[in-house]
Amino acid sequence: MQIFTSISCSKLVLADWRTKTCYNVLFHPLRAVPGPFLAKIFPQYMAPAMVGGHRAQSLLKLHDEYGPIIRIGPGEVSIGDYQLYRKIYSQNTTTKEDSFYKATTLLGHENLARFRNKAMHSARRKMMSQPFSQLAINENEALIAEMSERLVERIVTRSAASPTRTADIMPLCKLFSLEVICKAAFNKDISAQSIENAVTFLQAMEDTPRVLIMSSIFPFLRRWKRLGEYIPGLVGHAFRQSKLYEQFMRSLFRDFRHESKLDSTERFMCTPLLQSEDAYLGRRLSEDEAIEEAMGLAFAGSGTTSSTLVYLFYILSKPENRYMQLKLREELQGAGCKLAEVKDLPYLNAVIKETMRLYPTIISTLPRVLDVPLESDKIVVPAGTIVGMQNYVHHRSSSVYAEPNTFLPERWIGQPPSSDLEKAFTPFSLGSRNCIGQNLARAELLLAASLVFRQLDLRLNEAMTESDMDMEDRFAVSPKGMKLLLDVSEL
Ligand code: HEM
């Protein structure tokens with residue numbers, strides 16, 4: 001009897017699957033959108049590429065094969081045409097896709113990057129925006145300059161300890177951006193106690209996303225987080241690291257609250273989290289809500305800038321790009337060291353832009369749900385569809401960038417903002433959900449890169465291979481080899 005029931009159930013499931021498949025292939029509103037056949041049937045079509053860390057690269061290949069608008073799941077479409085970027089990332093056209101951004105919350109509260117409710121997002125963004133303004137970043141110039149000097153000193157010290165004067169620059173870049181964000185957000189020198197303290201913090205922060213991924217696969221872990229800490233092995237380790245990260249952030253926040261009473265300036269990112277009223281909520285944030293925001297800022301603000309710096313140092317240290325490093329140094333030697341003196345240097349800006357074009361730190365899809373239909377040529381993508389674009393794809397479009405896979409800073413020189421090159425360049429995204437930290441990020445890149453190349457000559461160590469620097473798509477980019485060995489000479 002039991003066997004017959006199981007057989008009947010299996011038959012029903014199969015029949016249901018067949019009906020769904022038939023609908024998805026023949027009758028679904030996206031049936032006319034080109035794409036691989038299996039993507040019409042399986043929602044997990046892109047999952048193997050995602051797990052393998054090459055989702056963006058796979059999407060580029062699919063766009064090359066099927067065109068600018070492609071179906072990559074029964075209800076999901078990928079867009080590769082930069083001209084649609086502004087429309088897709090406008091608040092009038094789309095809303096953030098829930099299941100993806102849910103993973104960015106650590107304490108179960110909303111944060112700036114996660115909000116789906118547009119009025120709530122707009123109120124929080126307004127409340128938080130002052131310390132991200134160019135004016136506030138200018139006031140924080142000294143702290144970014146100080147951390148840049150530390151970066152140079154550390155590169156020198158590390159390389160001096162090696163017989164070949166070789167240093168792994170990657171952990172030093174990570175430390176640099178962590179120190180900047182901790183100082184700019186909490187007015188705290190995270191390395192003052194000891195470098196080990198900062199490294200422990202960094203490691204805890206880097207391990208935390210694993211918990212977010214596991215909690216999105218097994219949602220019960222989100223509710224019983226403490227349970228995860230007792231699981232043995234790597235899984236439990238990730239949970240313990242996430243707890244440590246939370247403890248670090250709570251202690252940074254409480255110290256800041258204690259000390260901010262003595263400081264009435266509004267240049268630290270945590271000041272509005274403590275003092276301002278969220279107009280949507282009609283009140284200040286609770287401690288946990290504020291810490292949720294602060295944790296999001298530390299995440300968003302550290303790995304992003306450091307991976308951009310890593311790729312910038314890498315690409316200019318390659319033997320074939322030697323002339324670029326020399327050209328940049330020559331430009332820097334003719335200029336002062338202040339932010340105002342380097343911010344408009346043409347070659348420095350061209351190098352930074354070309355690094356962000358070829359190695360965009362947010363390499364992956366920013367998923368949205370269409371609130372209204374999207375019309376383009378002969379294709380209408382209906383409301384409710386998940387759509388997304390990825391910098392990796394349109395930044396490598398051969399119709400916009402000649403020799404798209406080659407690092408050519410010169411391509412940016414003299415380009416007006418209205419040029420296709422500039423319009424297709426979206427490392428910080430566009431619209432009301434663009435990067436709130438871009439002024440800080442630019443200041444970090446300008447000051448750190450200019451100081452390093454003014455004082456140090458960098459050459460790629462011969463132990464480094466091309467594949468060490470292959471970009472893994474983990475939403476943010478991550479070099480596969482997890483190291484950048486450079487031979488360093490002081491100038
Ligand atoms: C090179 C460095 C950086 C790049 C390329 C970058 C890129 C981006 C991109 C593409 C987004 C949109 C994400 C989405 O729609 O899901 C974003 C959002 C965001 N970024 Fe950055 N970012 C950088 C540095 C920073 C820094 C230094 C901070 C500062 C703390 C920061 C804080 C944020 C926040 C809070 C959001 C969410 C904004 C919102 O939804 O209103 N980022 N960033």
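1. Helices and strands are taken here as DSSP runs, H or I of at least four residues for helices and E of at least two for strands, numbered from the N terminus. On that basis α16 makes the greatest contribution to the shell around the ligand, with six residues. The model is a predicted one, in which local features need pLDDT of at least 70 and side-chain atom pairs count only at pLDDT 80 or more, whereas totals for chains, interfaces and linings use all residues. Residues are numbered from 1 along each chain as its sequence is written, and side-chain values use heavy atoms, with hydrogens and water left out.

2. The ligand has 28 residues around it, and those that come nearest are Tyr101, His121, Arg125, Arg368 and Cys435; a residue counts as near if one of its heavy atoms lies within 4 Å of the molecule. A polar side-chain atom of Tyr101 is placed 2.5 Å from a ligand oxygen atom, one of Arg125 is 2.8 Å from an oxygen atom of the ligand, and an N or O atom in the side chain of Arg368 is 2.9 Å from a ligand oxygen atom. The elements that supply two or more residues to this shell are α7 (118-128), α16 (287-317) and α22 (438-455).

3. Sorted by class, the shell around the ligand holds 15 nonpolar, nine polar and four charged residues. In this scheme Ala, Val, Leu, Ile, Met, Phe, Trp, Tyr, Cys and Pro count as nonpolar, Asp, Glu, Lys and Arg as charged, and the others, Gly among them, as polar.

4. Cys435 sits in the loop between α21 (420-423) and α22. Why is Cys435 classed as partly exposed? Cys435 is placed in that class because its relative accessible area is 31%, given that buried means under 20%, exposed over 50% and partly exposed in between, with a 1.4 Å probe and protein chains only. Once neighbours within four places in sequence are left aside, Cys435 is in contact with Arg125 and Phe428, contact meaning heavy atoms within 4.5 Å.

5. Two further residues of the loop between α21 and α22 are Gly437 and Ser429. Gly437 is buried, at a relative accessible area of 17%, and Ser429 is buried as well, at 11%. The phi of Ser429 is near 65°, a positive value in a residue other than glycine. Most residues other than glycine have a negative phi. Phe475, in the loop between β10 (471-474) and β11 (476-479), likewise has a positive phi, of about 70°, without being a glycine, and Phe475 is partly exposed at 28% relative accessibility.

6. The largest nonpolar core comprises 118 residues, and Met249 and Phe313 have the most contacts inside it; such a core is a set of buried Ala, Val, Leu, Ile, Met, Phe, Trp, Tyr and Cys residues joined through side-chain atoms within 4.5 Å. The largest share of this core, 14 residues, is contributed by α16. Apart from this core lies another, of 19 residues, which includes Leu84, Tyr89, Tyr101 and Val387. Gly388, in strand β8 (residues 386-389), counts as buried at 1% relative accessibility, and its contacts beyond four places in sequence include Val77, Ile79, Tyr89 and Leu366. Val369, in strand β5 (residues 368-370), is buried with a relative accessible area of 18%. Although Val369 and Glu97 are 272 residues apart in sequence, their C-alpha atoms are 5.5 Å apart in space, and Glu97 is one of the residues in contact with Val369, as are Thr93 and Ile386.

Notes
Polar contact = N/O pair within 3.5 Å; in protein donor to acceptor, adjacent residues only side chain to side chain.
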